[in-house]
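Hi everyone, thanks for coming.

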Amino acid sequence: MTSPAVPSGRPTAKGSGPFTLGVDIGGSHIKVSVLDSGGGLMAEEVRLPTPEPATPQDVVAIIAKLAAGLPAFDRISVGFPGVVKGGAVLTAPNLGTEYWAGFKLLSALKQRLRVPARMLNDAAVQGLGAVDGDGVGCILTLGTGVGCALFRDRRFLLHLELGQHIARRGKTYDEYLGQAALVARGKEKWNKRLAKCIGWATQLTSCDTLYLGGGNARKITVELPAHVKVVSNSAGITGGVRLWERDLDRLFAGVPAAQRTDEANE
């Protein structure tokens, strides 16, 4: 099994291939770097603002622009903020589902960058880079919206669209704890809401460890329970190398052969 992804955002000494272009598509920024076979960064993370509107064509163009300034890579791993299946997007709540529903992102990236690609929800990818213990792990990503994924013994189980479910008084988790709520209510009120959500998520998932990631994790000031860990946002990129582990081959079995490769697992 591939070694745990490096959690820091700093480049490591040059490692061995295959090399992976890790892509983290967010509601505010698109972030990219190249990883070695153990998840080490081969270059500083580069980013650009997510376009408005965030059309698929513009997002693909930004990924290609960022990749052009990075070391060579053999494959692509994408963390996408919505529901994805195989190589296509089903929903994109914080980018615009009307633009993305049905879009075959992996085909578009392969055509543009000429290497195979894999994709999971962005919370799942961040969890692959951050979850490091036995038992049930739940990750919440705090950014434009709220992402969620579950793991058992570091193995990915499923992505939950928690952000689209009701948290309190008719507000979804995205509305209650997302970036707009942070701006509108301020950091102190937002942290009080976070404390409530930690309790709800722990009760819902019965997790042994709750991981908090995403760009707004750095704004946490509330005292956290012993089972809660704050993780680096760079895990949204470094976790991408684990999409190519054999354990996850089953998730990509329905992706056309042109979009995946078995050789990458040799």
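Let's start with the lining of the largest pocket: its residues divide into 23 polar, 9 charged and 7 nonpolar. Here Ala, Val, Leu, Ile, Met, Phe, Trp, Tyr, Cys and Pro count as nonpolar, Asp, Glu, Lys and Arg as charged, and the others, Gly among them, as polar.

A quick word on what you are looking at. This is a predicted model, where local features need pLDDT of at least 70 and side-chain atom pairs count only at pLDDT 80 or more, while totals for chains, interfaces and linings use all residues. Residues are numbered from 1 along each chain as its sequence is written, and side-chain values use heavy atoms, with hydrogens and water left out.

Back to the pocket. By pocket I mean an open set of points on a 1 Å grid over the protein atoms alone, where a 1.4 Å probe fits, with protein on both sides within 12 Å along at least five of seven lines; lining residues have an atom within 4 Å of a point. The lining has 39 residues, and Gly 26, Gly 27, Gly 143, Thr 144 and Gly 215 lie nearest the centre. Strand E9 (146-152) is one of the elements that supply at least two residues, and E9 gives the most, with 3. Helices (H or I, at least four residues) and strands (E, at least two) are DSSP runs, numbered from the N terminus. In total the protein has 8 helices and 14 strands.

Now to the inside. Of the 266 residues, 53% are buried, meaning under 20% relative accessible area with a 1.4 Å probe, protein chains only.

Which residues of helix H1 are buried? They are Pro 56, Val 59, Val 60, Ile 62, Ile 63, Ala 64, Leu 66 and Ala 67. These pack against E1, E2, strand E3 (46-49), helix H2 (97-100) and helix H3 (105-113), where contact means heavy atoms within 4.5 Å.

Of its 35 residues, Leu 21, Ile 25, Ile 76, Phe 80 and Leu 105 touch the most other members. H1 provides the largest share of this core, 7 residues. Apart from it lies another core of 24 residues, including Leu 182 and Trp 190.

Leaving aside neighbours within four places in sequence, Leu 105 is in contact with partners including Val 60, Trp 100 and Met 119.

Notes. Buried < 20%, exposed > 50% of the residue type's maximum accessible area, 1.4 Å probe, protein only. Core = buried A, V, L, I, M, F, W, Y, C linked by side-chain atoms within 4.5 Å.
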